[in-house]
Amino acid sequence: MTKKKCIVIGVTGSIAAYKAAEICSLLKKNDCNVHVIMTESALKLITPQTFFTISQNKVTTSLWNVETWEPEHITLAERADALVIAPATANIIGKLAHGIADDALSTFALTMHGKEIYIAPAMNPRMWENPIVQNNLNTLIQYGYKVINPAKGVVACGDFGTGKLANPQDIVSKILNT
Ligand SMILES: Cc1cc2nc3c(=O)[nH]c(=O)nc-3n(C[C@H](O)[C@H](O)[C@H](O)COP(=O)(O)O)c2cc1C
């Protein structure tokens with residue numbers, strides 16, 4: 001019997017956070033073991049209950065509410081095959097590019113060193129075009145992160161340009177086929 005892939009989804013405070021539920025569902029349908037880590041901002045946009053029900057696993061929302069003596073970010077990183085941060089805010093991209101680990105998701109991402117990490121950004125086109133964001137993404141690419149580029153279209157605030165989260169099915173195909 002082949003081992004189930006263990007995929008961790010990081011959900012950040014982008015208006016596209018609801019699309020992470022579809023990514024979670026598609027990964028489950030592809031027989032993956034899925035764990036979800038949410039940032040504090042993501043909690044304002046979608047509830048952990050959604051991911052708990054779809055993933056059938058406890059959702060991590062803090063570094064500190066752990067039930068065992070072992071730090072969860074270490075034990076989960078040992079089991080995980082890949083981390084996908086979808087949607088990824090400009091903020092998490094900046095934090096990861098500079099090694100900042102000040103919450104459960106950014107700490108876990110550092111712990112995933114040596115494993116596959118996918119970043120699927122979603123943001124307003126003006127944020128996306130900001131050279132600070134682009135430089136941070138290039139830094140992550142140099143460190144081996146795989147960036148799944150956003151699509152062009154009308155974003156949630158009504159602006160047109162590049163910044164829409166890539167199609168959830170395309171994100172899942174990239175994670176499972178590479
Ligand atoms: C309604 C709403 C939608 C937002 N959508 C986005 C977004 O799509 N992309 C982004 O980079 N930031 C977005 N932000 C800003 C982030 O939530 C903010 O930068 C936050 O600090 C990100 O925290 P996190 O990266 O820890 O989740 C949004 C904020 C609000 C209030």
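**Close-up views of a predicted protein model**

Of the 53 residues in the largest nonpolar core, I9, V84, A86, I93, I119 and A120 touch the most other members. Such a core is a set of buried Ala, Val, Leu, Ile, Met, Phe, Trp, Tyr and Cys residues joined through C-beta atoms within 7 Å. Buried means that 20 or more other C-beta atoms lie within 10 Å of a residue's own; 12 or fewer makes it exposed, anything in between partly exposed, and the C-beta atoms are placed from the backbone. The model is predicted, and local features need pLDDT of at least 70, side-chain atom pairs count only at pLDDT 80 or more, while totals for chains, interfaces and linings use all residues. Residue numbers start from 1 along each chain as its sequence is written.

View 1. Leaving aside residues up to four places away in sequence, I9 touches A20, I23, C24, V34, V36, V84 and A86. Touching here means contact: C-beta atoms, placed from the backbone, that lie within 7 Å.

**View 2. The whole chain holds eight helices and seven strands**. Its radius of gyration is 15 Å, close to the 16 Å that the globule rule gives for 178 residues, so the protein chain is as compact as a globular protein of that length. The radius is taken over C-alpha atoms, and the rule is 2.2 Å times the number of residues to the power 0.38. Helices (H or I, at least four residues) and strands (E, at least two) are DSSP runs, numbered from the N terminus. Buried residues make up 43% of the 178.

**View 3. Five strands line up in an open sheet.** Follow the order β2-β1-β3-β4-β5, where the pairing is parallel. β2 and β5 (146-147) stand at the edges with a single partner strand each, so one side of each is left without a neighbour in the sheet. Strands count as paired if DSSP finds at least two bridges between them. β4 and β5 pair over two bridges, and Y118 stands opposite K146 in β5. In strand β3 you will find P87, joined to A86 by a cis peptide bond with omega about 0 degrees.

**View 4. Helix α5 is mostly covered**. Six of the eight residues in this helix (residues 104-111) are buried: A104, L105, S106, F108, A109 and T111. These buried residues pack against β1 (6-11), β2 (33-38), α3 (72-79), β3 (82-88), α4 and β4 (116-121).

**View 5. Strands β6 and β7 form a hairpin**. β6 (residues 151-154) and β7 (residues 160-164) pair in the antiparallel sense over four bridges, with V154 opposite F160. Five residues lie between the strands, and G158 takes a positive phi near 100 degrees.

Note on methods
Contact = placed C-beta atoms within 7 Å.
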